[in-house]
Amino acid sequence: MSLEPLAPGRLSGRRKRLLLILLQVAIGLLVLGVIALLLTNLQVNLLRRGLGLSFDWLGEPARFPLSRGLLPYRTEDSYAWAFVVGLVNSLQVVVVGLVLATILGVVGGAANFSSNWLLRQLASLYVAVARNVPPLLHLLFWYFVVFLGLPAARSGVGAVAGLLRLPVSVEFVALLIGLTVYTGAYISEVVRGGINSVPRGQWEAARSLGFGEGRTLRLIILPQALRAILPGLNSQYINLAKNSTLAIAVGYSDLFSIVNTTFNQTGRSIEAFALLVLVFVAVDLLISGVMNILNRLVLRHG
Amino acid sequence: MLAKSFKRFAIAPLLVALASCATAPEEKVSLLEQVKSRGELKCGISGGLPGFSSLTPQGAYTGLDVDICRAVAAAALGDADNVAYTPLTAAQRFTALSSGEIDLLSRNTTQTLSRDAGGGNGLTFAPVVFYDGQGVLVRRDSGVTTLEDLAGETFCSKAGTTTERNLNDVMQARGIPFEPLNFDQDQDRNQAYTEGRCAAMTADRSSLNSARSGFAAPDDHMILDEVLSKEPLAPATADGDARWGDAVRWVVYGLMAAEELGITQSNIDARVAAATDGEEQENAALRRFLGIEGDLGSKLGLPNDFVVQAVGAVGNYGEIYDRHLGPDTPTFIPRGLNASFTEGGLHYAPPFN
Amino acid sequence: MAESPRSGPRSRQLLLRIRRGLFASPLDTVITVVLAVLCGGGLWSFLHWVFLQADWAVVVENIRLYIHGRLPVDQVWRSWSWLGLLGTLCLVTLMPAGMLPRPVLRLLPLLWILILPIGLLLLASGLGLEPVKSRFWGGLQLSLLLTLGTILMALPLGILLALARRSSLPLLRWLTTGYIEITRGMPLIAVLFFGQLMIPLFLPEGWTLNRVLRAVLSLGFFVAAYMAEDVRGGLQAIPRTQLEAARSLGLSPLQTIILVELPQALRTALPSLANQCVASLQSTSLLAYLGLIELLGISRSILGNPDYLGRHLEVYIWLALLYWLVCILMTSLARRVERSLNVTGHH
């Protein structure tokens, strides 16, 4: 909105500017006042419990055991290290999930444009079902029904993990698949929208050049659609990172579940929560940063 | 003019927020007085632990933990039904107490130094109502009889409780490797165990017992003889309110003393009558205990006959125990340490003087 | 193409279309056959399970719990009447605009705003009825209450945030930008955790907010940040000429916002706002892990009952169906609103 005087003569420019500054000061003071009041309440409440705000406990031994992960962890290690272990566990799911969900999403999105009727129907069925069921329900289904309910699925995971010599647990795989299937449906909508944004003429031109369906998509349509797809992908990636905290439902030791355990054992809810928020804002910034670089590359070369 | 629009948009809600926060904290009134003036006790329970607190098909809560709430409500308010129950997860329980969402936490909570101390969770514990110990549940057909047999196996436990740490301490001391698998909720842990995701499940023996009672074939599972830790479960109140803490403490002691004195829900009226002007009217200690003489109750801020109210409503400790954990229940646990000291147990009430 | 007189043009075309749609090339034929076999097999075993293996007792016997939670039996009619009102409102909204008299059409938005207070009145207190404590609320009814409450709180708040983020006051802009970006960066479960466990720590001593209210507050503040961005997108799409036109008509800034900018921005943002509403419904399921017995929470307690051991698949499929139905209903309501706005927009 612009602020040029609308009814000339009712307020002089200088008085108006002064008024606006005063208004901002008032808003600032109000916000500060509310924050101060909340913090005072917090202080009173914490003092009543004999707690002050402090981060000293981060150096103390965590003493709770964790499932084996990528990083070595012993129970004598500090809370700070336990958080790092949790963060790496989270990142593991997020990074692998990003890749798998992107593949699933691109395949699902592109399938909407196949000349094969059955494939098109299946693609839209997948999106309609997966998107309209809460992500938590996805995870519960994969963990409790598929992986715990079917011993074959469980031993399959064990065999693959042994083969790859990776600490891959059933919990990790269930979380990964659940997140992939849910996010994949959203990504496939993003991809579909992106492909739709490419003019129909491009398809026809490619066909007249004798390109097959698959090659047209891969070589001509997708590179052009990328420009419209990337911004949408960014927010889906961030959503996937955030949804990885649902690990709490399937017993996977991600960052949030370790923070949750720490709440309980130290009573340091505020400090642990502040750390969690910081880490997540950092992860989101990281994802957005990488996607921005990608975006710029695409804009330059695309 | 723009300013005006923003004043309306932004400042009004802020002002409301400010005004609502601005009221200075009033003079500290003990929770006991708050409960009495409210006419209702807000009690935090587990809600999903048969024998301690669980839902009946009619939608009411029942169990040992629940009866402690009822006893306190009867003593303070004269009506055991004036209790608002809040089912809490393990993670929620301490904040719920310190924020005042509940007055009393009666949720199988282990008394430990750091939970008691001001530098930890800052609770005040009432007397222990159940002496428990951490145990390990395994499948009977697995042939496991000791912890050593479980070397390298996965243990399901609950995150954020004392059990995961105790297990770790014991296993480490004995040099037994194991894989932990922690769940946020009892139900998920139980299911992971019954579906065979872990070879053993560890929790307080009472919880294992009640979890097992809900399995399809409870007898296929057994609790190992080894006890990993001491788990004295006690009701708790928030620190810094000695008056309320004292009242709760002595209601619980009252339930134990009543058992010791043979006072039950069914004979309490007769005993009161006998002590008032019957054969027991010379028994000054009993008269004080029942509030016929002296002012023990009012010293606590409770009616003098608070024990009569509590026992009349829920029975003495032994009766509560038998009702929920006795031999006739599906959640039977032998009394063992939980007998009165006169029977070789640990429950011992200080004198009502 | 010459058509034989016997097979009519229609069936011929159908055959052609099937051929083009399913068996255009050898690769297509392979894909079709593989997919058909997989789908057929999947569908067959699913139907086999649904009709022969599944034990639906866990759903049928607990239907009251799924819908109303732990509401005392003699109070269930209150929940039913609210759900009935809500359902009627949905039906009326979905009816073609032509079938409704204009006054009803005008009243619809107001009715949608009123349905939440009506629900609270019916369930919580008032009307001379005995109040039902919020801890007895549960099931689908609680999920819907939470969703409606969240939307009714998040939408106005989101609009205010969007306007403030575009304001010419730098401080206001920074504050709202910071709020929106940080909130959008946080995992929902952490926000709900904050709402359930930590809000009490920031309240003056002796103050409490009940859990359902705390849940709505935290969900509302969370969703508002997302809605703010959708509305901002809508605001940005308004051509500058519109604003200049408004100014030349002598509208004040406030009038411009209310009469010119917002209606257009909201119309543009409607599809994404509708997505946020659907997301709000899905988000309420997380509260099952924070002690509320909404639809997922009550289902988990039912699964904990020894009588229904191991009936997860039945329950999860039933839940998926319920959530799916409500999500679809919400989406079609949004489409309906969108269409009617487009119609009125052309006047």
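This is a predicted model: local features need pLDDT of at least 70, side-chain atom pairs count only at pLDDT 80 or more; totals for chains, interfaces and linings use all residues.

Me: Let's start with chain A. How many helices and strands does it have?

Reply: Chain A has 10 helices and 0 strands. Read from the N terminus, its elements go α-α-α-α-α-α-α-α-α-α.

Me: And what is its radius of gyration, next to that of a compact globule?

Reply: Chain A comes out at 26 Å, while a compact globule of 302 residues would be near 19 Å. Its C-alpha atoms fill a box of roughly 70 × 70 × 35 Å along the principal axes.

Me: What percentage of chain A counts as buried?

Reply: Of its 302 residues, 41% are buried. As for contacts in chain A with a separation of 6 or more, 66% of them link residues 24 or more positions apart.

Me: Next, the contact between chains C and A. How many residues come from each?

Reply: Chain C gives 47 residues and chain A gives 45 residues. On the chain C side, helix 1 (9-22), helix 2 (26-53), helix 8 (170-185), helix 9 (188-202), helix 12 (253-284) and helix 14 (312-345) each supply at least two residues.

Me: Which of those has the largest share?

Reply: That is helix 14 of chain C, with 9 residues. By type, the side of chain C that touches chain A holds 34 nonpolar, 9 polar and 4 charged residues.

Me: On to the cores. Which residues touch the most other members in the largest nonpolar core?

Reply: A:Leu139 and A:Leu175 do, in a core of 176 residues. Helix 6 (residues 170-196) of chain A provides the largest share of this core, 15 residues.

Me: What is A:Leu139 in contact with, leaving aside neighbours within four places in sequence?

Reply: Its contacts are A:Ala174, A:Leu175, A:Gly178, A:Leu246, A:Ala249 and A:Val250. Apart from this core lies another, of 69 residues, which includes B:Phe94, B:Leu300, B:Tyr317 and B:Ala349.

Me: Over to chain B, then. Why is strand 10 described as largely enclosed?

Reply: Strand 10 (residues 179-183) of chain B has 4 of its 5 residues buried, so the rest of the structure largely encloses it. Strand 10 of chain B pairs with strand 9 (residues 154-158) of chain B in the parallel sense, over 5 bridges. Within that strand, B:Leu181 is the bridge partner of B:Cys156.

Me: How does the chain cross from strand 9 to strand 10 of chain B?

Reply: The path goes through helix 6 (residues 162-173) of chain B, making a right-handed β-α-β crossover.

Me: Is A:Arg63 buried or partly exposed, and why?

Reply: A:Arg63 counts as partly exposed because it has 17 C-beta neighbours inside 10 Å, and buried takes 20 or more.

Me: And what about B:Asn108?

Reply: B:Asn108, also not a glycine, has a positive phi of about 20 degrees. B:Asn108 sits in the loop between strand 6 (104-105) and helix 5 (113-116) of chain B. With 29 C-beta neighbours inside 10 Å, B:Asn108 is counted as buried.

Note on methods. Residues are numbered from 1 along each chain as its sequence is written. Chains are lettered from A and ligands numbered from 1 in the order in which they are written. Two residues are in contact if their C-beta atoms, placed from the backbone, lie within 7 Å. Ala, Val, Leu, Ile, Met, Phe, Trp, Tyr, Cys and Pro count as nonpolar, Asp, Glu, Lys and Arg as charged, and the others, Gly among them, as polar. A residue is buried if 20 or more other C-beta atoms lie within 10 Å of its own, exposed if 12 or fewer, and partly exposed in between; C-beta atoms are placed from the backbone. Two strands pair if DSSP finds at least two bridges between them. A crossover is right-handed if, with the strands pointing away from the viewer, the path from the first strand over the helix to the second runs clockwise. A nonpolar core is a set of buried Ala, Val, Leu, Ile, Met, Phe, Trp, Tyr and Cys residues joined through C-beta atoms within 7 Å. The radius of gyration is taken over C-alpha atoms; the globule rule is 2.2 Å times the number of residues to the power 0.38.
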